[in-house]
Amino acid sequence: MKTLAVALVVLVLGTARAVRAQDSQFSISGLGTPGRGESVRARSTGGAMAAFDPNSPFIDASLVDLRATAASAAEGATYRNVTAGGSSTWLQTTRYPVFAVGGPLSRHVVVGVSFTTYLDQTYDAVTRDSQLVRGTVEPYNNSVASNGGVSDIRVAAAMRVGTRLALGVGVHALTGSTRQTATRTYDDTVDYRPIIQTGTVTYSGWGVSGSAILRIAPAAALAIFGRQDGTLNSHLGDSLVATSKLPASYGGAVLLTPWPALRLAGSVEWQTWSRSGQGAFDTMGWSAGLELGHATPLRLGVRGDQLPFGPGSAAPTQTGVAVGTSKTLASGRGVIDVGLERLSRSGSGLQEEVWTLLLGVSIRP
Amino acid sequence: MIARGSGRAALVAIAIVGLSCTNDVAAPGLCPQFCPLGALSVVDTVLTTAITRDSAYGRPVGYVNPNKSLTLLAATEPGIKDSRPIMRMPPFPASLVLEDTTTGPVVGVDSIIMQITITTRDTTAQNLQLAIYALPVTIDSTSTFAGLAPAFAAPPIRTVNVDSLLAMPADKNLATGDSALVDTVYHRVTLYLKFDSTQVPYSVPDTGKLAFGIRVFANQPTDLALGAVLNFGLGPAITAYLKVDSLGAVAHRRTALGFGSPTFNSFVFDPPARSLDSTLVIGGVPATRSILRITFPRILRDSQQVARATLELIPAVLPQGAPSDSFEIVTQAVLVDLGAKSALDPIHVDTTKVYITPIDTVRIEMTNLMRFWAADTAAPTAIVLRGAPEGANFAELRAFSSATPAYRPLLHLTYSPSFPFGHR
């Protein structure tokens, strides 16, 4: 148990980075790449199980399945190949997209706090060009980089109403910052010094969410959920530099358990990202997945959705497959989840192939 | 079993975290589709009125005068400059040790060795010669070129052909007793010149004090610099072999090696330095400085916004100095702006080399200074332009000041306006 706790501490604190999801070139010109409140277990099923996984801060009502205090964290090491204009580049990032803790407050009420990525704005766009300066053409490299994003701190409560219905509500504080750097380096380093401008943009906003899970049959459950986010305020120092409307989200999910060792799930979600401004689109996503077995289950999943930001007239698309398993340890007090996810994104002449190695740790003291 | 298994799992978790903690997100930007909103732009502009309240100081009394210079300048450039180093040596000791504690009075000079170091010279000049003249021992900082002209009109007491001496085996002339030591690293030549008693007779009233003047000649107009006494280890010195009375007989004793550093050294030149006028004067002898106040552009808020800053000066006359020569202009911030007596900031300095050639604009890079002022808004935005080293070179620059609007100093600035971080 102690070693499991050590592993969790290493995952959560040892790297001292903000929680983030995987980033994408598609979102450089937008608010960022939206994160998903999915544990490694849920993500290994393509996200289909997220609405019914108490360790996934995806919807609030799923908290009711926490029978005891539990904490979980996830790490994702992403290798992303970006192809555009005939050339491709491999990028690597390590992210800690989910940290959640929760437990029963009373027999019927469970509360939880979670930290997840809401928008990831980590990128470094490097361009090469030249400029006529003082009568001479001076070649240079430009770099505009951002590191950080917006985190979603959720405080949620779920309550069981009767034997078939669970309700959940949550309040979301959106906070975070990005350290942005714009650099120009001329090839002529003797006469021209590098220009380096830096700025830290801080973000703030609020959102509320509500959800319900209805057990419609002994082997079937239905979840519906909704969320309304307000306005994201961006500050540079003391100055308000931008306000962006954030989306409303609606969705539903179904869980089938034809026999005890097999769980099938599917979900859909609609988000109104087009509110946030030019170059943003409403998105529709779906996922389907299964979990087979108990002690060391096999998880499989597929997903298809859209990215909310892109340069073209239509939202970039994203499809993915995932596989994973887990190992229960210490008499069920600890679980290590591993998963592998592959995503393909395309739109406006750009393609991204994303491989993500997922590692999750859950403990129940 | 479970404990061992969980331990292994924990180790695996730690290993995976450690191995996969990477962040490499730099990718070629596909602009404008897949680039951030807003672009880093660079503006190149000339600020025509940024330089104000500019003036020159340092004549007739300079920041460094010939008698405090690090070098003694010699030049024979007919119609341009004639400069002659002068020096006064200390008196000989009245007595020297003969044996043990027995001393005897000095009664005469047997010979002396004069040590002088050529720190810079025109290597294109051939048949380089130094002529050493005897001067009155009364020379001091008020001595003038005209006042010493009669002494220089007399025949020199010694002449040495430097090129011939350096061509001899081991750089030694056994006939005259002269020798030379060449420093190939710093390109210096130290000469050891021997004078006999007829060339430097012992003067009892002056207790052996000697004063010398030096002229330089070559097959063409030329100049050189000798190390001055303030130039540590490179200044003139003499070693004397003296005659000492030993109970009626004459004994020969030597002073300490190089005991005789000049009590005074300087150089006189003609024509005299031009006085100051409305132009900005930099360098020369006596050493001048010009101070310029700069109206700092408010658009610069970050030191790293400045890619390049250049001060552009329009010469009022061609840069003065030896042809094919060059000199350095140092642009230095001031710690406090007190006009002519401003304290200079030793850290924030830019340096530019100016060549003695026809030139329409002298450009002095001051990027470091502009970045410094952008970072420290409390620092006075004034600069001092001076030659380097001061008073060690006749070369000077005279440029139009802001008093001549058509040709006033300009500030050429290449900078980046503030990047629109966070804007959408």
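Reader: How do the residues lining the largest cavity divide into nonpolar, polar and charged?

Author: Happy to walk you through this predicted model. The largest cavity holds about 690 Å³ of space, and 45 residues line it, with Gly35(A), Arg36(A), Gly37(A), Glu269(A) and Gln271(A) closest to its centre. Sorted by type, the lining comes to 14 nonpolar, 18 polar and 13 charged.

Reader: And which residues are the closest to the centre of the second largest cavity?

Author: That cavity has a volume of about 280 Å³. Its lining divides into 11 nonpolar, 12 polar and 3 charged residues. Of the 26 lining residues, those closest to the centre are Ile28(A), Gly30(A), Gln121(A), Tyr123(A) and Gln180(A).

Reader: What distance separates the C-alpha atoms of Leu262(A) and His294(A)?

Author: Good one to check on the structure! Leu262(A) belongs to strand E13 of chain A, residues 262-271, and it counts as buried because its relative accessibility is 10%. Leaving out residues up to four places away in sequence, it touches Leu256(A), Thr257(A), Leu290(A), Glu291(A) and Leu292(A). His294(A) is 32 residues from Leu262(A) along the chain, and their C-alpha atoms are separated by 8.8 Å.

Notes: Residues numbered from 1 in each chain as written. Chains lettered and ligands numbered in written order. Predicted model: local features only at pLDDT ≥ 70, side-chain atom pairs only at ≥ 80, totals over all residues. Heavy atoms only, no water. Helix = DSSP H or I, 4+ residues; strand = E, 2+ residues; numbered from the N terminus. Buried < 20%, exposed > 50% of the residue type's maximum accessible area, 1.4 Å probe, protein only. Contact = heavy atoms within 4.5 Å. 1 Å grid on protein atoms, 1.4 Å probe; cavity = no way out; pocket = protein on both sides within 12 Å on 5 of 7 lines; lining within 4 Å. Points joined across faces, edges and corners; volume = space filled by probe spheres on them. Nonpolar A, V, L, I, M, F, W, Y, C, P; charged D, E, K, R; others polar.
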